[in-house]
Amino acid sequence: MNKLVRLMIVLAAAAVLPQVASAGFLNIPKQSLDLPTAGRVNAKGLTVGPTGFYVMCSVMPSACKVQRARNVGAVAGEVRLTVETLGLLDRVNREVNGAMRPQPESGTADVWQIGGSSGDCEDYALTKRAALLRKGFPTSALLMTTVITGRGESHAVLMVRTDRGDFVLDNLNQIVKPWNSTGYRFLTMQSPDNPRVWVRL
C-alpha cells in the first residue's frame, strides 16, 4: 500500500474515530493506527527570504515572532503526529482552501497577507499558519516554504514539521502530503529556530 493511500485511510479514520470510540466499538489507542511517515527536508544554510515576507514582518511584527507550543504535544520544536493532529491539519487545509478564492497579485508588489476572502498561494499558507498558531502549534513547526511546481511555476506552501517528518499544506491540493510526495522542487523555508530567518533547501 503506497503512502498516499495510507494517508487517505488515516484521514478517513480521523474523521470517524471519535464517534466510533465514544460509542464503545473501539478500545485501541488512537496513536496505534498506521500514521504516515515523511522524510525531513534538508537545510543547506541561510538565505534571503521573499521581499513580501519582510514587508509583512515590518507592518505586522506579531506575525513573525516566536511562539512556543501550547495545548499540543511537541518535542524539540516538532509536533507529535497523532490521528487528532493529522485530522486538524487536514481540516485547516480544506477549510482555508474552501474559504478563499485564488487571486493573483496585481501590480509589481508582492503583498503577503493573512486571511481575507481571496489571495495567492502565500496568503493561503499564511492563513493556515495563523489558524494553527491559534490552536497552539509552535512557530518552529509551521514553516512558510517556497517551491517550484512540476509545471515550473513559483509557488508557496506551509510546511508542518512533526516527529514523523515534514508535511505540506497546499492550496493546490486538498490532501496533506509528505513533502517528498508533492513532486515539487523545494527552494527556501523559514528557519525552525527563528521565524524571521530563511534557509536554502
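In the predicted model, His155 is placed in strand 7. This residue has a relative accessible area of 7%; buried means under 20%, so His155 counts as buried. The side chain of His155 is joined to that of Asp170 by a polar contact of 2.8 Å. Beyond its neighbours within four places in sequence, His155 is in contact with Cys121, Thr145, Thr146, Val147, Thr149, Asp170, Asn171, Leu172 and Tyr184. Among these partners, Thr145, Thr146 and Val147 are also residues of strand 6.

Strand 6 comprises residues 142-148, and seven of its seven residues are buried. In a regular strand the side chains alternate between the two faces of the sheet. In strand 6, Leu142, Met144, Thr146 and Ile148 point one way, while Leu143, Thr145 and Val147 point the other way. Residues of both sets are buried.

The pairing with strand 7, which spans residues 154-162, is antiparallel and has seven bridges. Within this pair, Val157 of strand 7 stands opposite Thr145.

Leu142 belongs to strand 6. Its relative accessibility is 0%, and therefore Leu142 counts as buried. When residues up to four places away in sequence are not counted, Leu142 touches Arg129, Leu132, Leu133, Phe137, Leu158, Met159, Val160 and Gln190. Although Leu142 and Pro195 are 53 residues apart along the chain, their C-alpha atoms are separated by 8.9 Å.

Gln190, one of the residues touched by Leu142, lies in strand 10, which covers residues 185-190. With a relative accessibility of 2%, Gln190 counts as buried. Two polar contacts of its side chain involve the backbone of other residues. A polar atom of the Gln190 side chain lies 2.8 Å from the backbone nitrogen of Met144. The side chain of Gln190 also reaches the backbone oxygen of Pro195, at 2.8 Å. Leaving aside neighbours within four places in sequence, the contacts of Gln190 are Phe53, Arg129, Leu142, Leu143, Met144, Pro195, Val197, Trp198 and Val199.

Phe53, a contact of Gln190, is also one of the buried residues of helix 2 (residues 51-59), together with Gly52, Met56 and Cys57. An α-helix has 3.6 residues a turn, so residues three or four places apart point the same way. Thr51, Ser58 and Val59 are exposed on the other side of helix 2. The cover over the buried residues of helix 2 includes helix 4 (121-134), strand 10 and strand 11.

Helix 3 consists of 17 residues, 83-99. At 1.5 Å a residue these should span 24 Å, and the end C-alpha atoms are 24 Å apart, so the two values agree. The buried residues of helix 3 are Val83, Thr85, Leu86, Gly87, Leu88, Leu89, Asp90, Val92, Asn93, Val96 and Asn97.

The protein chain as a whole contains four helices and 11 strands. Of its 201 residues, 48% are buried. Among contacts with a separation of 6 or more, 63% are between residues 24 or more positions apart. The chain exposes about 10,100 Å², of which carbon and sulfur atoms supply 55%.

Technical notes:
Residues numbered from 1 in each chain as written. Predicted model: local features only at pLDDT ≥ 70, side-chain atom pairs only at ≥ 80, totals over all residues. Heavy atoms only, no water. Helix = DSSP H or I, 4+ residues; strand = E, 2+ residues; numbered from the N terminus. Expected span 1.5 Å × (residues − 1). Buried < 20%, exposed > 50% of the residue type's maximum accessible area, 1.4 Å probe, protein only. Polar contact = N/O pair within 3.5 Å; in protein donor to acceptor, adjacent residues only side chain to side chain. Contact = heavy atoms within 4.5 Å. Areas by Shrake-Rupley, 256 points an atom, 1.4 Å probe, with all protein chains shown as cover. Pairing = 2+ DSSP bridges.
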